[in-house]
Amino acid sequence: MENFNVFEFYQFMQAQNVMLSFKGDISQDILISVGDLLKEKLSNEDAQQRVAKKVFFIFIELAQNIYRYSSERALLDNKQIGTGALIIRAVSYTHLR
């Protein structure tokens, strides 16, 4: 088994501008919690409010797709839920102008 270096993983996420990540079973409670964290993080960033709202709603839509349609499933409270990964990165598009 290969060694896993948490610090290297952290540095990788820093270099990739990862704002938020979650891997596991995507329940309604997780959607709400991660959504609240994302809202807080976006409100602390210098992002325009309109852009922050779009990012939030896109995140919710994609997370709900994992919850409903992921081929990897888990059983929670006798209900099938999706399993997957949610990753939000901060990206600058100034180089595209």
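Student: In strand β3, which residue is the bridge partner of V18?

Tutor: Happy to start there, and keep in mind that this is a predicted model. V18 has its place in strand β1, and β1 pairs with strand β3 (residues 79-89) in the antiparallel sense over seven bridges. Leaving aside neighbours within four places in sequence, V18 is in contact with M13, I87, I88 and R89. The bridge partner of V18 in β3 is R89.

Student: And which residue is the bridge partner of D25 in β3?

Tutor: Stay with the antiparallel pair of β1 and β3, which has seven bridges. For D25, the partner in β3 is T83.

Student: What is the separation between the C-alpha atoms of V18 and V91?

Tutor: V18 sits in β1. V91 is 73 residues away from V18 along the chain. Even so, the separation of their C-alpha atoms comes to 9.2 Å.

Student: Which strands stand at the edges of the sheet, and why is one side of each left without a neighbour?

Tutor: The sheet is open, has three strands and shows antiparallel pairing in the order β1-β3-β2. Each edge strand has a single partner strand, so one side of it lacks a neighbour in the sheet. Neighbouring strands are turned against each other by 40 degrees on average, direction ignored. The edge strands are β1 (18-25) and β2 (73-76).

Student: How do helix α2 and helix α3 run, roughly parallel or antiparallel to each other?

Tutor: Two packed helices are described by the angle and the distance between their axes. For α2 (residues 28-44) and α3 (residues 49-69), the angle is about 160 degrees and the axes are 10 Å apart. Angles over 145 degrees count as roughly antiparallel. The two helices are therefore roughly antiparallel.

Student: How many residues of the contact of α2 with α3 are nonpolar?

Tutor: α2 passes α3 in a right-handed crossing. Contributors from α2 include L31, V34 and L38, while those from α3 include V55, F56 and F59. Besides three polar residues and one charged residue, the nonpolar ones number 10.

Student: At what angle does α3 run to β3?

Tutor: Picture α3 lying across β2 and β3. Those strands form a hairpin. Relative to β3, α3 runs at about 145 degrees.

Student: Which element has the highest mean pLDDT?

Tutor: The protein chain has a mean pLDDT of 86, with 90% of its residues reaching 70 or more. Among its elements, α2 has the lowest mean, 85. The highest, 96, belongs to helix α1 (residues 6-15).

Terms used. Residues are numbered from 1 along each chain as its sequence is written. This is a predicted model: local features need pLDDT of at least 70, side-chain atom pairs count only at pLDDT 80 or more; totals for chains, interfaces and linings use all residues. Side-chain values use heavy atoms; hydrogens and water are left out. Axes are lines fitted to C-alpha atoms, for helices over the stretch in contact, and angles run from 0 to 180 degrees between N-to-C directions. Helices (H or I, at least four residues) and strands (E, at least two) are DSSP runs, numbered from the N terminus. Angles under 35 degrees count as roughly parallel, over 145 as roughly antiparallel, 65 to 115 as roughly perpendicular and the rest as oblique. A crossing is left-handed if the near helix is turned anticlockwise from the far one by less than a right angle, and right-handed if clockwise. Contact means heavy atoms within 4.5 Å. Ala, Val, Leu, Ile, Met, Phe, Trp, Tyr, Cys and Pro count as nonpolar, Asp, Glu, Lys and Arg as charged, and the others, Gly among them, as polar. Two strands pair if DSSP finds at least two bridges between them. pLDDT is the predictor's confidence in each residue, from 0 to 100.
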